[in-house]
Amino acid sequence: VPQENQGSASLRAGSGQVQASAKPIWSRVLPVELKFIRLCFWIFAELEIYLKNFTRMDLGKLKSIDCSNYSVMIVDDIPINSTLLQKFLEPAGFKRIVRYKSSTEAFENIESIMPDLILLDVMMPVLDGITFLKELRKNNRFNSIKVIMVSAVSESEEVEKAHSLGADAYITKPVQATLLYESIAELLETA
């Protein structure tokens with residue numbers, strides 16, 4: 001039967017006793033795992049609070065648009081980002097939302113989906129958002145698709161580059177729901 005004795009472990013076997021001076025492995029690993037678990041719970045608790053607050057946000061002009069008729073493609077390699085964007089869109093009434101973690105996969109499926117709107121991350125592996133946009137705009141069939149770039153990059157050069165390649169709007173992360181709603185409403189009103 002293992003016993004713990006002030007940072008050391010001992011084992012009694014028969015008439016003898018063996019002692020080890022090293023701490024048991026669970027005393028070294030468990031604190032790290034507990035910190036990670038606490039961090040995860042904190043993140044999800046914060047996310048839940050954030051999501052509850054934004055669902056009460058004013059949709060602005062987007063409130064007067066029937067968004068259920070529009071399809072949206074979200075392309076972001078970080079799942080929590082695409083989930084958050086989807087959670088922003090649902091209260092506005094969007095019913096057809098497709099998410100992709102890979103811009104390559106999104107590009108392969110774009111013709112079958114033909115979304116009305118794409119929320120596109122800039123920094124992604126393999127095919128970044130700028131290259132995706134450039135390739136998208138080369139094909140005239142996709143010119144009617146509205147594209148909102150969503151990125152942590154806020155340098156004016158990057159924003160100008162995206163606009164020059166055909167981005168309809170550019171929003172920086174962390175995404176503010178009201179700004180997203182305003183941008184979408186403006187684009188859908190002109191569609």
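**View 1. Strands β6 and β7 pair in the parallel sense over 5 bridges.** This is a predicted model, in which local features need pLDDT of at least 70, side-chain atom pairs count only at pLDDT 80 or more, and totals for chains, interfaces and linings use all residues. Residues are numbered from 1 along each chain as its sequence is written, and side-chain values use heavy atoms, with hydrogens and water left out. Two strands pair if DSSP finds at least two bridges between them; strands (E, at least two residues) and helices (H or I, at least four) are DSSP runs numbered from the N terminus. Leucine 117 has lysine 146 of β7 as its bridge partner. From β6 the chain crosses through helix α4 (residues 129-138) to β7, in a right-handed β-α-β crossover. Right-handed means that, with the strands pointing away from the viewer, the path from the first strand over the helix to the second runs clockwise.

**View 2. Strands β7 and β8 pair in the parallel sense over 4 bridges.** Serine 151 stands opposite threonine 172 in β8. The chain crosses from β7 to β8 through helix α5 (residues 156-164), and this β-α-β crossover is right-handed.

**View 3. Both faces of β7 are covered.** Lys146, Ile148 and Val150 on one side, and Val147, Met149 and Ser151 on the other, are all buried. Buried means under 20% relative accessible area, exposed over 50%, and partly exposed in between (1.4 Å probe, protein chains only). Because 6 of the 6 residues of β7 are buried, this strand is largely enclosed by the rest of the structure.

**View 4. An open sheet of 5 strands, with parallel pairing, has the order β5-β4-β6-β7-β8.** The edges are formed by β5 (96-100) and β8, each with a single partner strand, so one side of each is left without a neighbour in the sheet. From one strand to the next the twist averages 20°. Helix α6 packs on the sheet, touching β6, β7 and β8, and its direction makes about 175° with that of β8. Axes are lines fitted to C-alpha atoms, for helices over the stretch in contact, and angles run from 0 to 180 degrees between N-to-C directions.

**View 5. The largest nonpolar core has 27 residues.** A nonpolar core is a set of buried Ala, Val, Leu, Ile, Met, Phe, Trp, Tyr and Cys residues joined through side-chain atoms within 4.5 Å. Those with the most contacts inside this core are Leu62, Phe94, Leu119, Ile148 and Ile184. The largest share, 7 residues, comes from α6. Leaving aside neighbours within four places in sequence, isoleucine 148 is in contact (heavy atoms within 4.5 Å) with residues including Leu119, Ile171, Ile184 and Leu187. A second, separate core of 22 residues includes Ala106, Leu120, Phe142 and Ala167.

**View 6. Serine 64 lies in the loop between α1 (25-54) and β4.** Serine 64 is exposed, with a relative accessible area of 63%. The C-alpha atoms of serine 64 and alanine 92 are separated by 9.6 Å, the two residues being 28 residues apart along the chain.
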